[in-house]
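Please find below a note on the structure under review. It is set out as numbered points, each of which can be checked against the coordinates.

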Amino acid sequence: MFRRAARVILLDAADRVLMVRGHDHDLPSRSWWFTVGGGLDAGETSRAAAVREVREETGLVLGGDALVGPVFTRAAIFDFAAQHCRQDEDLFMARVDAHAPLTRAGWTALEGDLLDEMRWFDLDELARVELEVFPVGLVGLVRSLLTGWDGVTRHLDETGATG
């Protein structure tokens with residue numbers, strides 16, 4: 001299976017990042033943290049998909065101009081729901097109000113089954129998380145953006161290194 005996706009590194013004023021924890025039905029004992037986002041609909045741009053996914057997964061409404069980037073791209077290869085998947089991703093960054101209420105109202109039935117929680121992490125806390133975090137190396141990637149984005153979209157390899 002192949003799909004294109006858009007993800008968003010959502011940061012609050014304290015540089016905390018909003019993460020989602022999910023699991024796979026085929027391996028319910030394994031769960032991981034990841035950034036908000038998902039697949040592009042037919043004819044949709046990655047920027048439009050990023051805005052839509054933030055709204056659907058969190059209830060937060062962003063304008064397209066609130067997104068910075070894409071700051072990174074990545075080709076993720078993984079097994080999910082007994083399928084071998086490749087997902088080409090554009091990762092954006094946006095600042096949001098951490099006090100705005102988060103809602104699951106826009107989750108699909110599948111998301112309701114597979115997504116377990118949303119949570120704000122400060123970067124030091126996220127660095128200590130024992131579960132897998134995607135993209136790999138997210139804490140360092142976010143730290144590199146805190147002083148500002150230089151306008152260059154960098155591609156992440158499977159280790160989280162930029163090239």
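1. Basis. This is a predicted model, in which local features need pLDDT of at least 70 and side-chain atom pairs count only at pLDDT 80 or more, whereas totals for chains, interfaces and linings use all residues. Residues are numbered from 1 along each chain as its sequence is written, and side-chain values use heavy atoms, with hydrogens and water left out.

2. Secondary structure. The protein contains four helices and nine strands. Helices (H or I, at least four residues) and strands (E, at least two) are DSSP runs, numbered from the N terminus. Read from the N terminus, the order of elements is β-β-β-β-α-β-β-α-β-α-β-α-β. The radius of gyration of the protein is 15 Å, close to the 15 Å given by the globule rule for 163 residues, so the protein is as compact as a globular protein of that length. The radius is taken over C-alpha atoms, and the rule is 2.2 Å times the number of residues to the power 0.38. Along the principal axes, the C-alpha trace spans about 40 × 40 × 35 Å.

3. Of the 163 residues in the protein, 43% are buried; buried means under 20% relative accessible area, exposed over 50%, and partly exposed in between (1.4 Å probe, protein chains only). Among contacts with a separation of 6 or more, 64% are between residues 24 or more positions apart, where contact means heavy atoms within 4.5 Å.

4. Surface and charge. The accessible surface is about 8,200 Å², and 53% of this surface belongs to carbon and sulfur atoms. Areas come from the Shrake-Rupley method with a 1.4 Å probe; for residues, only the protein chains shown count as cover. The 17 positive and 27 negative charges have mean positions 2 Å apart. Lys and Arg count as positive and Asp and Glu as negative, while His and the chain ends are not counted; each charge is placed at NZ of Lys, CZ of Arg, CG of Asp or CD of Glu.

5. Strand S1. Seven of the 10 residues of S1 (residues 2-11) are buried, so this strand is largely enclosed by the rest of the structure. S1 runs antiparallel to S4 (residues 36-39), and four bridges join the two. Strands are taken to pair if DSSP finds at least two bridges between them. Ala-6 has Gly-38 of S4 as its bridge partner.

6. Strand S2 and its partners. S2 (residues 17-24) is mostly covered, with seven of its eight residues buried. Six bridges pair S2 with S7 (residues 115-121) in the antiparallel sense, and Gly-22 has Leu-115 of S7 as its bridge partner. S2 also pairs antiparallel with S3 (residues 27-34), over five bridges. In this pairing Arg-21 stands opposite Trp-33 of S3, and a hairpin of two residues joins S2 to S3.

7. Leu-114 belongs to helix H2 (residues 109-114) and is buried at 7% relative accessibility. Val-133 sits in strand S8 (residues 132-134) and is buried at 17% relative accessibility. Leaving aside residues up to four places away in sequence, Val-133 touches Met-19, Trp-33, Leu-126 and Leu-138.

8. Leu-102. What does Leu-102 touch beyond four places away in sequence? Its partners are Leu-18, Thr-58, Leu-60, Met-118 and Trp-120. Leu-102 lies in the loop between strand S6 (83-95) and H2 and is partly exposed, with a relative accessible area of 32%.

9. Backbone points. Most residues other than glycine have a negative phi, and most peptide bonds are trans. The bond from Gly-69 to Pro-70 is cis, with omega near 25 degrees, and Pro-70 is placed in strand S5 (residues 68-80). Phe-134 and Pro-135 are also joined by a cis peptide bond, with omega about 0 degrees; Pro-135 lies in the loop between S8 and helix H4 (138-145). Asp-15 has a positive phi, near 65 degrees. This residue, Asp-15, is in the loop between S1 and S2 and is partly exposed at 24% relative accessibility.
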